[in-house]
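Please look at the sequence and structure below before reading the points.

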Amino acid sequence: MTAEEFEAAFHGLELPSEIELGPGAVIKDVSLFLQKELTILKTSNHSRVQEPVVYRLNQVLEIIKAKAL
């Protein structure tokens with residue numbers, strides 16, 4: 001997904017205040033995390049930087065959608 005596609009996917013979703021991605025990996029400010037990760041995705045031209053960002057954004061999106069069900 002591109003940064004714009006992620007922005008569209010997150011648009012209108014109710015963001016929790018924090019999310020646990022895994023043991024010991026807690027995002028304390030989800031909206032700030034998304035803002036920073038999307039900025040990295042928009043400005044980086046290297047796949048070695050983009051791949052982990054896309055992975056984390058997908059994880060957050062899946063967690064949010066699963067909680068909404």
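The model is predicted. Helix H2 covers residues 30-43 and helix H3 covers residues 47-68. Helix H1 covers residues 3-10. Two packed helices are described by the angle between their axes and the distance between the axes.

**H2 against H3**

- The axes of H2 and H3 lie 10 Å apart, and the packing angle is about 150°.
- H2 is therefore roughly antiparallel to H3, since angles over 145 degrees count as such.
- The crossing of this pair, H2 and H3, is left-handed.
- On the H2 side, the contact is made by Val30, Phe33, Leu34, Glu37, Leu38, Ile40 and Leu41. Their partners in H3 are Val49, Gln50, Val53, Val54, Arg56, Leu57 and Val60.
- Sorted by class, the residues in the contact of H2 with H3 are eleven nonpolar, one polar and two charged.

**The loop between H2 and H3**

- Ser44 sits in the loop that lies between H2 and H3.
- With a relative accessible area of 10%, Ser44 is buried, because buried means under 20%.
- Ser44 is in contact with Val49 and Gln50, when its neighbours within four places in sequence are left aside. Val49 and Gln50 are also among the H3 residues that meet H2.

**H1 against H3**

- H1 and H3 cross at roughly 15°, and their axes come within 11 Å.
- The two helices, H1 and H3, are therefore roughly parallel to each other, as angles under 35 degrees count as such.
- The H1 and H3 crossing is left-handed.
- From H1, the residues Phe6, Ala9 and Phe10 meet Val54, Leu57, Asn58, Val60, Leu61 and Ile64 of H3.
- The contact of H1 with H3 has eight nonpolar residues, one polar residue and no charged residues.

**The faces of H1**

- Ala3, Phe6 and Phe10 are the buried residues of H1.
- These residues are on the same side of H1, because they cover an arc of only 60° around the axis.
- An α-helix has 3.6 residues a turn, so residues three or four places apart point the same way.
- The buried residues of H1 pack against both H2 and H3.
- Glu4 and Ala8 are exposed on the other side of H1.
- Gly12 follows H1 and has a positive phi, near 85°.

Definitions and conventions: Residues are numbered from 1 along each chain as its sequence is written. This is a predicted model: local features need pLDDT of at least 70, side-chain atom pairs count only at pLDDT 80 or more; totals for chains, interfaces and linings use all residues. Side-chain values use heavy atoms; hydrogens and water are left out. Axes are lines fitted to C-alpha atoms, for helices over the stretch in contact, and angles run from 0 to 180 degrees between N-to-C directions. Helices (H or I, at least four residues) and strands (E, at least two) are DSSP runs, numbered from the N terminus. Angles under 35 degrees count as roughly parallel, over 145 as roughly antiparallel, 65 to 115 as roughly perpendicular and the rest as oblique. A crossing is left-handed if the near helix is turned anticlockwise from the far one by less than a right angle, and right-handed if clockwise. Contact means heavy atoms within 4.5 Å. Ala, Val, Leu, Ile, Met, Phe, Trp, Tyr, Cys and Pro count as nonpolar, Asp, Glu, Lys and Arg as charged, and the others, Gly among them, as polar. Buried means under 20% relative accessible area, exposed over 50%, partly exposed in between (1.4 Å probe, protein chains only). The arc is that of the directions from the helix axis to the C-beta atoms.
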